[in-house]
Each structure stands twice: as structure tokens, then as C-alpha cells.
Amino acid sequence: MDILGLVLIVIIVVMGLFFLMIASRTTNETKVDLLDSQLSQSLVNVMLQATTDCGQSFIKIVEDCYGRNNICGSVNSCDYISTKSKEILDGTLKKWKKPYRFYISKNNVKKVDIDSDELECTNLMKRSTGLLLIPDKEKVIIATLEICKI
Amino acid sequence: MQTIFVLFIVFFILSIVGIFLFAQQKAANNIKVDEHLTLAQIKKSKMIALLPEVQYSSNNVVLDDHYDKLALASFKNIIQENPQYYKSILGSIKLTILEYDFQSGWSEEVYYNNELLNYSNKKNFQVPIVLTNPENYEKKIGVIYVEIYS
């Protein structure tokens, strides 16, 4: 009967420690999310303002991806965005061990969708999102950059 | 015998709680130190982003997150000519600027390096910027990469 009492005490102490552990975990995660969401927003803003090697701004090529798709001559605008975005994001986020996903959509049609390959951004991971809205003939093109938390 | 057994279990539980509380306190202290370092990171990033030596302005309006490429080229010489001044405002950091060229890819250049030899903590942060050439208004993707030593 005494043993039963002791077991009960042990269970209560273990449960108490468990709740303390959970309560102490939240603050640090919020801070990391804030820094990553700032980074993703700035990166998507900066990326789309850049002047490309075909003389057009990146944002014009994004608009063209949902239009004639030939603003850079023979190169397909959507393919150009995918290749160059991957190069840019692999050289930054992937290098810093931050899994990412970048996609451009208009009216729920995604024409560009890239990620950090083996550094996978799974559905269970928390995401910090940066968005850029580009007005285009009554609809809006949305460029989204998600940085996932490992 | 039974009393000794009960006392032994009670002391065992107490020692486990003691160890846990000690670990908890240590983790809380680490979080506080980390918060101070993050605050220092944010301060430094704002300070670097607002350095008048490298800011880009259009029609006398200073543009946020834009760096003047020509001013940046002479910034390295200015730092070398005034090491004490920059040491007092930047502290123990290593400042690298990454630049993306659509033809040749990423390149990096170290602008300031005051690395501590015996550092106990090293943190890094990244600030995406637009590198604008005022001669032809060409905009390139750049990233300020800062390593803070303490």
C-alpha cells in the first residue's frame, strides 16, 4: 500500500517536470520565426527588383511568364525564372541550411515551383512566409517564399 | 528496512527534481544570453543598413535596403583609412557582402574583419539588399552577411 503512494508521487513529479519542459520551449521558437519571416520577405522583395542579364527586371519576366512568355528572346520566361531563382536561393538559403520553397501563382495556377531538394520542406515543418503581390490584368500574381524551420 | 527504502526513494526523487531545476535554470540563462545577442544582431543590422557611406538615394530620397555600388567600392578604402572609428561603431564583427550576377553567379567580398581570436560565441545574420549602380541604374541582388563575435 505504501509503495502505491510512492508510485503516485513519482507519477505526479514526472508529469510536473514534463509540463515545465513544454512551457519553456515556446519563447525561443517565436524569435527564430520572426527573424526568418523578415529574411524571407526581404529576399523576395530584393530578388524581384533585380535587373536580369536580358535587360529586363525580374518582375517583368514574372509578368511575362503569365503572358507571351518570350520577353527574353528565345528563352522561356517561366523556365528562366525557375533556373535563376534556384541558383539565387541555393546560393543563400540552402547554403545557410535553411530549407525553402519558392512558387509563383496566379489564380491558383503555379507556373514556377522550386525547393531546396534534399533539404526538404515537409508539411509538418513551421514556415516563415514572404509574399509579393504583382498586379496583372485584373488578377494578381503572387510570389511566395517559404523558409521552413528544421 | 521499510523506512530506509522510503527515505531512499524520497531522496532519489528530490535529487532528480534538483537536477532538472538546475538544467532548467541553465537553459533559461542561455535563452537570455541568446536574446541579448539577437538584439545586438538587429542593432548591428540596422546600423550597417543605415551607414550613410553606402546608402543609395534617388532624387535625394534615401531608399531602404538599397546600397550604392560606387559608394560601396570606396567604402573598403574608407574603412582602411579609419580603422579605429569603424572598430568603435561596428565592434567585433566580420562583414561580407555577397553579390549575385545573372551570368557568373554568386561572388563575395569581405569589407570589414575584426574577428575575435578567443570568442565564446559566434552568431551570424543575413540582410538581403539591392545593389544599385547609379551610372546605369542596374540593380543587383546582394546580401550583407555579418558574423558577430562575443
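**Exercise 1. Burial and overall form of chain A**

Task: In this predicted model, find what percentage of the 150 residues in chain A is buried, and explain why chain A is described as more spread out than a compact globule.

Solution: 
1. A residue is called buried if 20 or more other C-beta atoms lie within 10 Å of its own. By this test, buried residues make up 29% of the 150 residues in chain A.
2. Chain A contains four helices and four strands. Along the sequence their order is α-α-α-α-β-β-β-β.
3. For 150 residues the globule rule gives 15 Å, but the radius of gyration of chain A is 23 Å, well over that value, so chain A is more spread out than a compact globule.
4. Along the principal axes, the C-alpha atoms of chain A fill a box of roughly 85 × 35 × 25 Å.
5. Among the contacts in chain A with a separation of 6 or more, 49% are between residues 24 or more positions apart.

**Exercise 2. The largest nonpolar core**

Task: Name the residues with the most contacts inside the largest nonpolar core, then list the contacts of Ile144(B) beyond its neighbours within four places in sequence.

Solution: 
1. The largest nonpolar core has 48 residues. Met47(A), Val62(A), Ile129(B) and Ile144(B) have the most contacts inside this core.
2. Helix α2 (residues 26–49) of chain A gives the most to the core, namely six residues.
3. With neighbours within four places set aside, Ile144(B) is in contact with Ile48(B), Leu95(B), Ile97(B), Gln126(B), Val127(B) and Ile129(B).

**Exercise 3. Strand β3 of chain B**

Task: Determine which strands pair with β3(B) over eight bridges, and in what sense.

Solution: 
1. Strand β3 (residues 93–101) of chain B pairs with β6(B) in the antiparallel sense, over eight bridges. Lys94(B) has Glu147(B) in β6(B) as its bridge partner.
2. Strands β3(B) and β4(B) also run antiparallel and are joined by eight bridges. Here the bridge partner of Leu95(B) is Tyr112(B), in β4(B).
3. The link from β3(B) to β4(B) is a hairpin through three residues.

Notes
Residues are numbered from 1 along each chain as its sequence is written. Chains are lettered from A and ligands numbered from 1 in the order in which they are written. This is a predicted model: local features need pLDDT of at least 70, side-chain atom pairs count only at pLDDT 80 or more; totals for chains, interfaces and linings use all residues. A nonpolar core is a set of buried Ala, Val, Leu, Ile, Met, Phe, Trp, Tyr and Cys residues joined through C-beta atoms within 7 Å. A residue is buried if 20 or more other C-beta atoms lie within 10 Å of its own, exposed if 12 or fewer, and partly exposed in between; C-beta atoms are placed from the backbone. Helices (H or I, at least four residues) and strands (E, at least two) are DSSP runs, numbered from the N terminus. Two residues are in contact if their C-beta atoms, placed from the backbone, lie within 7 Å. The radius of gyration is taken over C-alpha atoms; the globule rule is 2.2 Å times the number of residues to the power 0.38. Two strands pair if DSSP finds at least two bridges between them.
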